Structures are given as structure tokens and as C-alpha cells.
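I opened this chain to look up a few things and kept notes as I went. Here is the structure I worked from.

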Amino acid sequence: MSFRASVITLFPDLFPGPLGASVIGRGMEKGAWSLEAHFLRDYASDKHRTVDDTPSGGGAGMVLRPDILAAALDDVAPADDRRPKILMSPRGKPLTQARVRALAEGPGAVIVCGRFEGIDQRVIEARNLEEVSIGDYVLAGGEVAAMVLLEAVVRLLPGVLGAAESHADESFENGLLEYPQYTRPQIFEGREIPEILTSGDHGRIERWRREQSEALTRQTRPDLWARYTQKP
Ligand code: ADE
């Protein structure tokens, strides 16, 4: 069974968007994963297909009604559906490569995209939604965040990236940022490729790359560096 993604959104036309292109789109054509976008408004019950209402206690903006989202979730993911239910939200736990890897090993994901001041807390609790953030900034809605999560997951699925694009050396896979890469021409605007990379000495090249990764991580991501140096 391949990875199955179901998205609940007020903008189903945004999908697949970039997920239909390049290796991710080809992965879908090859059957490595599938994507359904469900229109939240289809689960509204009044003739205006209202999905939100004013916040209890007052304040700006609108809040997504719990009954409508619950109806959508129960239709898209019945009780025996084993996929995690994820709510894209700036309040969520930051997305990490470790969480991405775990999702890629599972059956898929049901992803709710918000577009409001918020979502009624009771449906988050009643349907056990896992809140996930893609970073400490606020988007206008969860759709782009859902695409970010899915792109990160799908590229790890078997058969999506070829051997030529393997994962072993890339940033985060070993807790460090990736070392700098070079290719022809030998001299670009007066800058030469580091001599060591053309030496043919694979042991020295590997050590140099590791040093570069460590220096880069120490300088630009002290948070990652601290975790890396604390590792047992
Ligand atoms: N929706 C709005 N901002 C978001 C963020 N930073 N991460 C995930 N979903 C969001």
C-alpha cells in the first residue's frame, strides 16, 4: 500500500500545485503516493455553506466550527483509518526531519489546513489532531504548509528519488548542515574549486567535508550544533 495523503481545505484548487511537478509529481504518476483534496465547505449544513463563526469571548476574526470539521474528518478518515490526523498551525510542534521520516514510514496522513483566527479547541481534542508548524512565522493559511510537509515526506518514499539523488549526505540526516558543493568550471569569477576536492584522496575529501559541515552548523545553527555535540 502506497502513502495516501488526504487534505481538508477551503481551497482544494490549490492542490496538487507544486506537488504535481518534478520528482514529487512523477512519484504520484508512478503510484508511490496519492493525494485527495476535500472541500471543507461540502460539510457545511446551511444554505450559505458557512464553516466559521465569531469567537466566543469576543475578539477579531472568525473561528472554524468544530461540528463541520468533525464531519469532514469522520468522512475522510473513518474510525478504522490508521493515518495520523495533522492540523497545520503556527501553534504546532515544529516540523523536523525525524517527524518527516516517521510519517514516510506510515500509511499516509490526513491534513487539515486552517484559514482563520483559529479552530475550535474541542475538535482538536475530540479528533486527536496533531498540530504541526513549519516555522516561527505566520502564513495566511495552512495549504502551503501542508505542501511543505508533503513534499518533505514524499521525496523519502521508496521509488521517488533515484539512486543519483540519495539522502545519505544531505542536511539533517546526520544532524549537521550539508557541506558546500562545487562543479565545473574550475575557475568561476576568479574563485577556484578547493584544491582538496580535485586531489582524488577520498579519505581527505571526506574529512574536509565533515569539517565544513561542522563549521557551517556551528556558525549558522548553534541550536543544531548544541544537540550534535551533546549526542552520546
Ligand atoms: N498556518 C499558518 N502559519 C503556519 C505555520 N507557520 N505552520 C503551519 N501552518 C501554518
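My entries follow, from the whole chain down to single residues.

**Entry 1: ground rules**

I am working with a predicted model, in which local features need pLDDT of at least 70, side-chain atom pairs count only at pLDDT 80 or more, and totals for chains, interfaces and linings use all residues. Residues are numbered from 1 along each chain as its sequence is written.

**Entry 2: the whole chain**

I looked up the secondary structure and found 7 helices and 10 strands. Helices (H or I, at least four residues) and strands (E, at least two) are DSSP runs, numbered from the N terminus. The radius of gyration is 22 Å, well over the 17 Å that the globule rule gives for 232 residues, so the chain is more spread out than a compact globule. That radius is taken over C-alpha atoms, and the globule rule is 2.2 Å times the number of residues to the power 0.38. The C-alpha trace spans about 70 × 40 × 40 Å along its principal axes.

I then checked burial, and 25% of the 232 residues count as buried. A residue is buried if 20 or more other C-beta atoms lie within 10 Å of its own, exposed if 12 or fewer, and partly exposed in between, with C-beta atoms placed from the backbone. For contacts with a separation of 6 or more, 76% come from residues 24 or more positions apart. Two residues are in contact if their C-beta atoms, placed from the backbone, lie within 7 Å.

**Entry 3: domains**

The domain assignment gives domain 1 (3-154) and domain 2 (168-230). Such bounds come from an automatic or database domain assignment. I noted 36 Å between the centres of the two domains, taken over C-alpha atoms.

**Entry 4: around the ligand**

Which residues surround the ligand? I listed Met88, Ser89, Pro90, Gly114, Ser133, Ile134, Gly135, Tyr137, Val138, Leu139, Gly142 and Ala145. A residue is near a molecule or strand if its C-beta atom, placed from the backbone, lies within 6 Å of it. Strand E5 (residues 85-94) gives the largest share of this shell, 3 residues. By class, the shell has 7 nonpolar, 5 polar and no charged residues. Here Ala, Val, Leu, Ile, Met, Phe, Trp, Tyr, Cys and Pro count as nonpolar, Asp, Glu, Lys and Arg as charged, and the others, Gly among them, as polar.

I also looked at the record. In an unreviewed UniProt entry, the annotation "binding site" covers Gly114, Ile134, Gly135, Asp136, Tyr137, Val138 and Leu139. UniProt positions are given in the numbering used here, feature names are shortened, and annotations may be inferred rather than shown by experiment.

Is isoleucine 134 buried or exposed? Isoleucine 134 is buried, because 20 other C-beta atoms lie within 10 Å. Isoleucine 134 sits in the loop between strand E8 (130-133) and helix H5 (143-154). Leaving aside neighbours within four places in sequence, isoleucine 134 is in contact with Leu95, Ala145, Val148 and Leu149. Aspartate 136 lies in the loop between E8 and H5. Aspartate 136 is exposed, because it has 7 other C-beta atoms within 10 Å.

Proline 90 belongs to strand E5 and is partly exposed, with 16 other C-beta atoms within 10 Å. Not counting residues up to four places away in sequence, proline 90 touches Ser133 and Val138. The C-alpha atoms of proline 90 and serine 133 are separated by 4.8 Å, although the two are 43 residues apart along the chain.

**Entry 5: backbone exceptions**

Most residues other than glycine have a negative phi, and most peptide bonds are trans. I therefore looked for exceptions to that rule.

- The peptide bond from phenylalanine 15 to proline 16 is cis, with omega near 0 degrees; proline 16 lies in the loop between strand E1 (3-9) and helix H1 (22-29).
- Arginine 184 and proline 185 are also joined by a cis peptide bond, with omega about 5 degrees; proline 185 is in the loop between H5 and E9.
- Asparagine 128 has a positive phi, near 55 degrees, and is exposed, with 9 C-beta neighbours inside 10 Å.
- Glutamate 189 has a positive phi of about 45 degrees and lies in the loop between E9 and strand E10 (191-192).
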